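Subject: Structure for your review

Dear colleague,

Please find below the structure that I am handing over to you. I would ask you to keep it open while you read the notes that follow it.

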Amino acid sequence: MVELARFRELLAFARSHCALYREKLSDIDPRSINSREDLKAIPLTTKEDLRAFQEIGPHPYGGILAVDMAKVTTFRQTSGTTGRPVYVPETYESWQWRVEVWCHILYMAGFRERHRVFLPFGYNVYVAFWEAHYAAEKLGCEVVPGGALDTRGRIQKIQEVKANAMMCTPTYGLHMAEEAKAMGVDPKELGLERILCAGEPMPEATRKMLEGAYGCEVFDHIGGTEVCGWAGMCSEKKGLHIVEPFFLVEILDPNDPLREVSVGETGLAVVTPLGRESFPAIRFNTNDLVVKGPESCSCGRTSQKILEVVGRADDLRKIKGVLFSPKSIEELLRAEFPEIGEYEIVVSRPGAMDHVVLRAEPVAELGKEKAAELAQSLSTRIKVKTNLTFQVDIVPRGTLPRYTLKARRFKDLREKQ
Ligand SMILES: [Zn+2]
C-alpha cells in the first residue's frame, strides 16, 4: 500500500525534525509500521497537542514546525472558533502539494478549462478559498476573485463577466440566492453550471436546496486547515471520495479508537496528509464524524468513499440527557420547511432544566396567524425527529446574523452559566 510506505517516511522525518513528534513518538520505530493495524500503536494528534507545542516557540509556529523557518512561504491559521488559533506553516513545496490535492477535488466536481469560476469571498489569513483559487488556475479554469464587493455587487459581477461556476459556503450560497431574488434576479438566470461548497457540513437537503435555487449542480467536499481538503464529491453525488494516495485516512470507532469501523458505520476521521513536511500531522484527529462507504463507485473510481459527513464530534451535545446533533435541525428545515431562511438554536439552563429555543426567520413576511401555525408545526416535527421539546420563535426578517464563512447557528450557553 503506497500510503503506508509514505507514512513510514513521514513518521521518520517527523521524529527527527519536529519537536512535537520527537517527544510524542519517541518510542515508536517507523520500521515497525507494516500494516494498518500497526498504526494503532501511534497516539492520535489532537488540536490541543498543536496548541501546546506552538506555545514553546519559536514564534509563531513553535514545536510543530519541521523545517527551517526561512523556508516557510505561506502563513495560514485556523479560525479559532473552538479555542486559540493554530498557525499553519507551509513551504512553497507543501503549498503546491495542497494545491494539487485541490485540483483533484475540483476535477471530481467537474471543474474544467471552460469554467470561469467566481469566488465571492475576501481571502485572508484563513485557508479558505486560497487553495481553491490556485487549484482552479492550475486546472486551467479562469478565476474571478470577488472579494471586496458586497453581496449585490458580487451578483452583478457574476452577471457582468458571465461566470459559470462558483465556490462558496452553503450558508452564503443560500444568502446570495435570497439577495438575488430581492434584486429581481432569478438565481437560475445567473448561468452558473456548478458550485463547489466548502467551510461547513452540508446536509443533503441543503445541497438539493442550492441545486434548486440556482438550477445547477452542487458538490461538497470535506477538509480542514490542519490537513487540507481530503475527500471530494464525484458526478454521482453520493458521498465523497478520499483523495488517494495523498492521505492516509482511518475511520475509527469513537468509543474504541483501536477499531476501524466497517462499511455503513459512523466513525471518527483520523487523517494523515502524506505530502507535507513543513508541519507533519500524524494521525490527526479531525473530530469529523463520517459514515464509511465502499471502495467502489459507479463513476469508476476505486478510492475509499465516505457515504456521509455526520458532523463535528464536538458539536454533539447532550440536551435533557438526549444526544443531539445540530445538523439534524438543518436537515429538517431544508427538507421540509423551505419557508424558513436563517435560523439559530440556543440552549440554556435557566433553572434545573435545559431549555432550547429555535429562532427562525421566514424568507417572506408572514402574518401573525401564519407565523403561529408555522411555529406549531416546526415544534411538532422537531419533537418527532429529535425527541426534544423546543420553544420555536418566528422572528422578523433581518433579525439573525448572516455568515459568509463558518456559520455559528448553534449556541450552547450552559457552559457560561
Ligand atoms: Zn464516484
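In this predicted model, the zinc ion has four protein donors, namely Cys234 (SG), His241 (NE2), Cys297 (SG) and Cys299 (SG), which lie 2.1 to 2.3 Å from the ion. The angles among the four donor atoms are 105 to 115°, and the site is tetrahedral. For comparison, the ideal angle for four tetrahedral donors is 109.5 degrees. Along the sequence, the donor residues follow the spacing C-x6-H-x55-C-x1-C. Histidine 241 belongs to strand β10 (residues 240–242), while cysteine 299 sits in the loop between β14 (284–292) and β15 (305–312), so this pair ties together parts that are 58 residues apart in sequence.

Is histidine 241 buried or exposed? Histidine 241 has a relative accessible area of 0%, and because buried means under 20%, this residue counts as buried. Cysteine 299, with 25% relative accessibility, is partly exposed.

Strand β10 also forms part of an open sheet of eight strands, whose order is β8-β9-β10-β15-β14-β13-β11-β12 and whose pairing is antiparallel. The edges of this sheet are β8 (221–224) and β12 (256–260), each of which pairs on one side only. On average, neighbouring strands of the sheet are turned by 50° against each other, direction ignored. Within the sheet, strand β13 (residues 266–273) and β14 are joined in the antiparallel sense by five bridges. Valine 271 has phenylalanine 284 in β14 as its bridge partner.

Parallel pairing is found elsewhere in the chain. Strand β3 (residues 116–119) pairs in the parallel sense with strand β4 (residues 142–145) over four bridges. Here arginine 116 stands opposite glutamate 142 of β4. Together with helix α5 (residues 130–139), the strands β3 and β4 make a right-handed β-α-β unit. Strand β3 is also joined to strand β5 (residues 165–168) by two bridges, and these two strands run parallel. In this pairing, phenylalanine 118 faces methionine 166 in β5.

Most residues other than glycine have a negative phi, and most peptide bonds are trans. Which form does the peptide bond from glycine 57 to proline 58 take? The bond is cis, with omega near 0°. The peptide bond from histidine 59 to proline 60 is likewise cis, with omega near 0°. Proline 58 lies in the loop between α3 (47–55) and β1 (72–77), and proline 60 is found in the loop between α3 and β1 as well.

Lysine 162 has a positive phi of about 60°, although this residue is not a glycine. Its place is in the loop between α6 (151–161) and β5. With a relative accessible area of 61%, lysine 162 is exposed, because the term applies to values over 50%. Lysine 320 also has a positive phi, near 50°. This second lysine, lysine 320, is located in the loop between β16 (317–319) and β17 (322–324). Lysine 320 is partly exposed, at a relative accessible area of 33%.

Yours sincerely

Terms used
Residues numbered from 1 in each chain as written. Predicted model: local features only at pLDDT ≥ 70, side-chain atom pairs only at ≥ 80, totals over all residues. Heavy atoms only, no water. Pairing = 2+ DSSP bridges. Right-handed = clockwise from strand over helix to strand, strands pointing away. Donors = N, O, S within 2.8 Å, 3.2 Å for Na, K, Ca; no water. Tetrahedral: all angles 85-135°; square planar, octahedral: opposite > 155°, others 65-115°. Buried < 20%, exposed > 50% of the residue type's maximum accessible area, 1.4 Å probe, protein only. Axes fitted to C-alpha atoms, helices over the stretch in contact; angles between N-to-C directions.
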